[in-house]
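Subject: Structure handover

Hello,

Here is the structure for you to work with. Please load it before reading on.

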Amino acid sequence: PPPPPPPFFFSTPTPQTPILSGLVGFGDVYKRQPEMWLAHGDKGEESGKVHADLPGRWAEQDPVMVRVINELAWCAHRGKEALVSGDMTALSNEINRNFDLRTELFGEEALGVNLEMVRLARSLGSCAKQPGSGGAIIGLIPDDEFMERAAPAFAEHGWELVSLEMS
């Protein structure tokens, strides 16, 4: 049997129930923020198209959706633990898992060029996921040479790669 959900997850959610609740203590986490990058294209896509069927799927308790949402909650929980402990390998794994679950929920076709850019980032040695619904991806800078080798690769696809400054 699967483990019980993390303490911040409601085991019997409704469409009106927030998926995550009670996440506290992130102020300390940000002191350990890893180096991150963002890559973006010219224009994102309207998220309403991709998200349009989610309320109906949730109301019907679509088994794939319910499972993926539960797994995303665990992913967030493990990601926070990785940040707090400074385990960037574990955090990278959770970032990748988040995107993989999103792909499972929406399908590869819905992700369009974002899927191609995530695959590119991963082939260059970084983790990657969408920070929203389209037009950009984010990841952790895995080594000192990543930005130098990745910027031209993204530019070949018309995307710009920038290092994020955390404060």
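My notes on the chain follow, from overall make-up to single residues.

**Conventions**

This is a predicted model: local features need pLDDT of at least 70, side-chain atom pairs count only at pLDDT 80 or more, and totals for chains, interfaces and linings use all residues. Residues are numbered from 1 along each chain as its sequence is written, and side-chain values use heavy atoms, with hydrogens and water left out.

**Overall make-up**

The protein chain has eight helices and three strands. Both are DSSP runs, numbered from the N terminus: helices are H or I with at least four residues, strands are E with at least two. From the N terminus, the order is α-β-α-α-α-α-α-α-β-α-β.

Of the 167 residues in the protein chain, 38% are buried. Buried means under 20% relative accessible area, exposed means over 50%, and partly exposed lies in between (1.4 Å probe, protein chains only). The protein chain exposes about 9,600 Å², and carbon and sulfur atoms supply 54% of that. Those areas come from the Shrake-Rupley method with a 1.4 Å probe; for residues, only the protein chains shown count as cover.

Contact means heavy atoms within 4.5 Å. Take the contacts in the protein chain with a separation of 6 or more: residues 24 or more positions apart account for 63% of them.

**Helix H8**

Which residues of H8 are buried? In this helix, residues 146-155, they are Phe146, Ala150, Ala153 and Phe154. They cover an arc of only 95° around the axis, which puts them on the same side of H8. The arc is that of the directions from the helix axis to the C-beta atoms. As background, an α-helix has 3.6 residues a turn, so residues three or four places apart point the same way. The cover over the buried residues of H8 includes strands S1 (36-40), S2 (136-140) and S3 (160-164), together with helix H7 (113-123).

**H7 against H8**

H7 and H8 pack at an angle of about 150°, with their axes 10 Å apart. That makes H7 roughly antiparallel to H8. H7 brings Met117, Leu120 and Ala121 to the contact; H8 brings Phe146, Ala153 and Phe154.

Axes are lines fitted to C-alpha atoms, for helices over the stretch in contact, and angles run from 0 to 180 degrees between N-to-C directions. Angles under 35 degrees count as roughly parallel, over 145 as roughly antiparallel, 65 to 115 as roughly perpendicular and the rest as oblique.

The crossing of H7 and H8 is right-handed. A crossing is left-handed if the near helix is turned anticlockwise from the far one by less than a right angle, and right-handed if clockwise.

**H7 against H5**

The buried residues of H7 are Asn114, Leu115, Met117, Val118, Leu120 and Ala121. They pack against S1, S2, H5, H8 and helix H6 (108-111).

The axes of H5 (residues 88-106) and H7 come within 12 Å and cross at roughly 155°. H5 and H7 are therefore roughly antiparallel to each other. H5 passes H7 in a left-handed crossing. The contact is made by Asn96, Phe99 and Asp100 of H5 and by Asn114, Leu115, Val118 and Arg122 of H7.

**Single residues**

- Arginine 102 sits in helix H5. Arginine 102 is buried, with a relative accessible area of 16%. Leaving aside neighbours within four places in sequence, arginine 102 is in contact with His51, Gly107, Leu111, Gln130, Gly132 and Ser133.
- Glycine 79 belongs to helix H4. At 10% relative accessibility, glycine 79 is buried. Glycine 79 touches Leu91 and Glu94, not counting residues up to four places away in sequence.
- Leucine 83 counts as buried at 12% relative accessibility. Its C-alpha atom is separated by 8.2 Å from that of proline 34, 49 residues apart along the chain.

**Backbone angles**

Most residues other than glycine have a negative phi. Glutamine 61 is not a glycine, yet has a positive phi of about 55°. Glutamine 61 lies in the loop between helix H3 (54-59) and helix H4 (63-85). Glutamine 61 is partly exposed, with a relative accessible area of 36%.

Best regards
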